[in-house]
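I set out these entries as a record of what I looked up, in the order in which I looked.

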Number of protein chains: 2
Amino acid sequence: MRDVSIIGIGQTPVGEHWDRSLRHLSYNALKAAMIDANIERADALYVGNMLSGEISGQAHLGPLIADFAGLRGIEAVKVEAACASAAAAFRQAYIGVASGLQDIVIALGVEKMTDNVGSQLTAGLASAADADYEVVHGITFVALNALIMQRYIYEYDVTREDFAGFAINAHANGAKNPNAMFQKPISRTDFVKSHMVADPIGLLDASPMADGAAAVVLCPTDLAREFTDNAIRVKGSAVATDSLSVHDRRDPLWLQASEDSAHKAYRQAKVGPTDIDFFELHDAFTIMAALSLEATGFAERGKGTWLARGGEITPEGKIPITTRGGLKARGHPVGATGLYQIVEATQQLRGEAGENQIADARLGMTQNIGGSGATIITHILESLN
Amino acid sequence: MRDVSIIGIGQTPVGEHWDRSLRHLSYNALKAAMIDANIERADALYVGNMLSGEISGQAHLGPLIADFAGLRGIEAVKVEAACASAAAAFRQAYIGVASGLQDIVIALGVEKMTDNVGSQLTAGLASAADADYEVVHGITFVALNALIMQRYIYEYDVTREDFAGFAINAHANGAKNPNAMFQKPISRTDFVKSHMVADPIGLLDASPMADGAAAVVLCPTDLAREFTDNAIRVKGSAVATDSLSVHDRRDPLWLQASEDSAHKAYRQAKVGPTDIDFFELHDAFTIMAALSLEATGFAERGKGTWLARGGEITPEGKIPITTRGGLKARGHPVGATGLYQIVEATQQLRGEAGENQIADARLGMTQNIGGSGATIITHILESLN
């Protein structure tokens, strides 16, 4: 098994790209990553995407995007794990390089969500949940998360407002990220007064639908220095799963797959939570940020919101999260999000995160969640410099 | 890189399974493969599927199926490459084992096509083609293949009837396969008189829509003997791609990705077409059978139908194809087909193909095609006994 490193990154701004199709967004991110890595060819392309079939009537993205990017003929395939599709594509790219079968591999995440009518997108997103046992009852994806949050508030005796810190931090960071969808800080009052979407989830608890694409180039660490001076090593990579149905889990307030994948990644990287300098977590809703911090060992059970209240999650805090805006402010183009996280973590570790730069960032963690916790993928990245 | 072998296979009959959902079909095939391999756990599951989002409102099949099959928690992800999704899942399973990251891996292909209204399925299948440059003009997937066949007949001076041998052979073989959708031989007259679907493609040129699931268990060849006496080695594995749009290819009558992936697999296996004892090719339409035989080196350019006319493709011929009915008679549950091919090839190599058994089968080849040739995946399998 070979050691694997990231040698190139690319992304489009996240937003409503009415002027760019799925293939154009993909091209922009992929080409930027290839230029950054100083490569002209690749052995394989893994595309993470959730909804292109439902929203754009387009399956078969592997060869479509390879061809459009001038890579006609190479091995290319799509990987889908709901909102964790991009980290799943990265994981397959990592395995491809680790195996010795592929040397230069591109992982791309892309989602085009705004070309549709609302109900089609709502149904598409709900397909991340269990169609036969959850969605059949008419529940939407945000309503499912609202039930979890309601239970959390009841069990752990916290308030809606205790989640404010997650959104405030995300927007403060997004305001400094030129690729973020929302570049405006929000106040506690904005959070409290925000429209209710599905009680207790307000508009400022929820990440926005968006278009976007992000890509990275991977190669064996031994080869990385031929391409770049600032390679970032993949020190840990793990996937764990759980039941799709929330009601079917032993504890609806515990992300078992988050704990499992994080601990696998910690073991592989030989580190623990205290070694991690920053954590790009999956704040699709503020409740998910709290649950992730608990399951990965950064907070005790039921005390995830304490970190938000205490400021430990800000860039100057003990464990900075969503350092470039997270899903909440950078935006959540679902099948691309996992690679935005990895691109942003790479920027931090290279010291290229601009106004969002975390001081002395050496070890970063990313965690991408599919559905309400059924697929959770953790990566630990390390600066080689 | 580790050598990889197949230690278990499972399949459901192909047909219209009104009584079984996506997850039940998956469970049936997966459980059969686990029992056949004598395993109770696995490290990872790769699911090949094309249309579950569009037809069943269900994405996120990896954890859904892992959980339903009693494998909650394991690494599980869906892979999509249109009609080549199942071979793509097998390919990722192969890479996972080869890498050393995963020991016991299951590849599953599943498709549930009959739970839908016709136009939804027609649109779903068309998403394998280029939505912006082909489908936008109103073309269906069968019409696209009809254009290719029309051109073939014009360029190479053959007739519609010259393709009859492909369908007759497939149905003759399917009649002996208890898992085939159609178990009735057809005559040349049946073929000639069959209803026209899209000129020149008649009903008996085209494979049927169907439900089904097929699965295999893979592990390192070094470990295989611990589980079984009849392990089948993966001697060659390769993916190649091409443009989605047929009009964008240098030659619409040449499956470049078929040639490329077959030649990569030949090189890896250190064999050539004359060494192959049988070939499970992708006869979604009879024209595709002809083009595949040419691109893989079994027939000269423009002479694929000669093999059908001469009987070389029958079980007693020089290069038996679609030995258990192929897509035409076994049926074509799109995202499962590639694994039906691999399961059937494994049966042949184990000597377990019943009335379809090819004498002295030692080396088998499978080729799964996505779209009208944009993804083509070739595997070469070898009996270790």
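**Entry 1: a covered helix.** I began with helix α11 of chain A, residues 286–295, in this predicted model. I found 10 of its 10 residues buried, so I counted the helix as mostly covered, taking buried to mean under 20% relative accessible area. The buried residues of α11(A) include Thr286(A), Met288(A), Ser292(A) and Glu294(A). I then asked what covers the buried residues of α11(A). Among the covering elements of chain A I noted the helices α6 (141–156), α7 (164–174), α10 (256–269) and α12 (304–310). The strands β9 (278–280) and β10 (363–370) of chain A also belong to that cover. After α11(A) comes Gly297(A), and I recorded its phi as positive, near 95 degrees.

Entry 2: With strand β11 (residues 375–383) of chain A, β8(A) pairs in the antiparallel sense over nine bridges. In that pairing, Ala238(A) has Thr378(A) of β11(A) as its bridge partner. Strand β1 (residues 4–11) of chain A also runs antiparallel to β8(A), and two bridges join them. There I noted Ser5(A), whose bridge partner in β8(A) is Arg233(A).

**Entry 3: chain A against chain B.** How many residues of chain A are in contact with chain B? I read 55 residues of chain A in contact with 55 of chain B. The area buried between the two chains is about 4400 Å², and carbon and sulfur atoms give 51% of it. His60(A), Glu80(A) and Leu101(A) supply 16% of the area that chain A buries against chain B, more than any other three residues.

**Entry 4: polar links and the elements involved.** The rule finds 10 salt bridges across this interface. One of the salt bridges joins Asp248(A) to Arg72(B), with the closest N and O atoms 3.3 Å apart. I also noted 30 residue pairs in polar contact between the chains. The elements of chain A that give two or more residues to the side touching chain B are α2 (52–56), α3 (61–68), β3 (75–80), α4 (85–99) and β8. Of these, α4(A) gives the most, with eight residues. The residues on this side of chain A divide into 26 nonpolar, 16 polar and 13 charged.

Entry 5: Last, I found β3(A) joined by three bridges to strand β3 (residues 75–80) of chain B, the two running antiparallel. Here Glu80(A) has Lys78(B) of β3(B) as its bridge partner.

Terms used: Residues numbered from 1 in each chain as written. Chains lettered and ligands numbered in written order. Predicted model: local features only at pLDDT ≥ 70, side-chain atom pairs only at ≥ 80, totals over all residues. Heavy atoms only, no water. Pairing = 2+ DSSP bridges. Helix = DSSP H or I, 4+ residues; strand = E, 2+ residues; numbered from the N terminus. Buried < 20%, exposed > 50% of the residue type's maximum accessible area, 1.4 Å probe, protein only. Contact = heavy atoms within 4.5 Å. Buried area = accessible area lost by both parts, 1.4 Å probe. Salt bridge = Lys/Arg side-chain N within 4 Å of Asp/Glu carboxyl O. Polar contact = N/O pair within 3.5 Å; in protein donor to acceptor, adjacent residues only side chain to side chain. Nonpolar A, V, L, I, M, F, W, Y, C, P; charged D, E, K, R; others polar.
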